[in-house]
Amino acid sequence: KGGKAMLYVYILLGICGATIVITLITATIVECVKVVQSKKLFSKEKIQEYENSLEQYFIDNQLSSDDSLEELCKLNDIKVIETPQTSKKLKGREAVVYEENKKYVIYVDECLNKKHKRFAIAHEFAHIVKGDKPLPAARDGHSLLMRSPTEQVRDYIAAAILLPMDEFETMFKNAEYDKCDKKGKQKFIEQVSTLKCVETDVVIRRIIEYKTLMTD
């Protein structure tokens, strides 16, 4: 009996060990795919392309990058409605945009914190900017636990709406970010996050994107 018990233990340990190995391999593959995909989606040329498309949208609709998210929604006659995530409109999503009676309506999870809520709204606004049809925009499949390329680009547009590159460049230069030590850089990120009411992740990504644009 004791021998059988030990055998079962060894089998279980073997299964657990194999599971851990598979998990580590999967995680490594995901990270590698992310790096490769990121280089393709967010190269200097692609970033400039996304910035140009947003700028053209502003020009075509007589808007300005100086307009806040709230002003952009108002000027575009876009209604924002907060609703439970379990509602029929959201169906478990954080936010979604519908075209109702020839007008856009963005439904957003009422439980999100303010910064997260603004990004979720900006992401839906990005679907409008990119002319996604029909609405609500289809969330194309995610592979290897990653957001699809389409959704990642909409995330970029959302960040660009909340933290325009021209404005960010001024703040970045005035703070002499590259000369700051680690504590100073963290302080800059937190200050911009508070000032623009965006999550720190948005600030960090704009730093990376700005530096990419500035490369030769």
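Where is the place of N101? N101 sits in the loop between β2 and β3, and this briefing will come back to that residue below. The structure is a predicted model, in which local features need pLDDT of at least 70 and side-chain atom pairs count only at pLDDT 80 or more, while totals for chains, interfaces and linings use all residues. Residues are numbered from 1 along each chain as its sequence is written, and side-chain values use heavy atoms, with hydrogens and water left out.

**The overall picture**

- The protein has eight helices and three strands; helices (H or I, at least four residues) and strands (E, at least two) are DSSP runs, numbered from the N terminus.
- Reading from the N terminus, the order of elements is α-α-α-β-β-β-α-α-α-α-α.
- Of the 216 residues, 39% count as buried, where buried means under 20% relative accessible area, exposed over 50%, and partly exposed in between (1.4 Å probe, protein chains only).
- The accessible surface comes to about 13,300 Å², and 57% of that belongs to carbon and sulfur atoms; such areas come from the Shrake-Rupley method with a 1.4 Å probe, and for residues only the protein chains shown count as cover.
- Among contacts with a separation of 6 or more, 65% are between residues 24 or more positions apart; contact means heavy atoms within 4.5 Å.

**The sheet and its helix**

- The three strands form an open sheet in the order β1-β3-β2, with mixed pairing; two strands pair if DSSP finds at least two bridges between them.
- β1 (79-83) and β2 (95-100) each have a single partner strand and stand at the edges, so one side of each has no neighbour in the sheet.
- From one strand to the next, the twist averages 25°.
- Strand β3 (residues 103-109) pairs with β1 in the parallel sense over five bridges, and K79 stands opposite V105 in β3.
- Helix α4 (residues 114-129) lies across β1, β2 and β3 and runs at about 150° to β3; axes are lines fitted to C-alpha atoms, for helices over the stretch in contact, and angles run from 0 to 180 degrees between N-to-C directions.

**Two helices that cross**

- Two packed helices are described by the angle between their axes and the distance between the axes.
- Helix α6 (residues 165-174) packs against helix α8 (residues 200-213) at an angle of about 90°, with the axes 11 Å apart.
- That makes α6 roughly perpendicular to α8; angles under 35 degrees count as roughly parallel, over 145 as roughly antiparallel, 65 to 115 as roughly perpendicular and the rest as oblique.
- Residues of α6 including F168 and F172 meet residues of α8, among them I207 and Y210.
- The contact of α6 with α8 has seven nonpolar, no polar and five charged residues; Ala, Val, Leu, Ile, Met, Phe, Trp, Tyr, Cys and Pro count as nonpolar, Asp, Glu, Lys and Arg as charged, and the others, Gly among them, as polar.

**Backbone spots to look at**

- Most residues other than glycine have a negative phi, and most peptide bonds are trans.
- N101 is not a glycine, yet has a positive phi of about 55°; at 77% relative accessibility, N101 counts as exposed.
- C197, also not a glycine, has a positive phi of about 55°; C197 lies in the loop between α7 (182-196) and α8 and, at 17% relative accessibility, counts as buried.
- K133 and P134 are joined by a cis peptide bond, with omega about -10°, and P134 is in the loop between α4 and α5 (149-162).
- The peptide bond from L135 to P136 is cis too, with omega near 5°, and P136 is found in the loop between α4 and α5.
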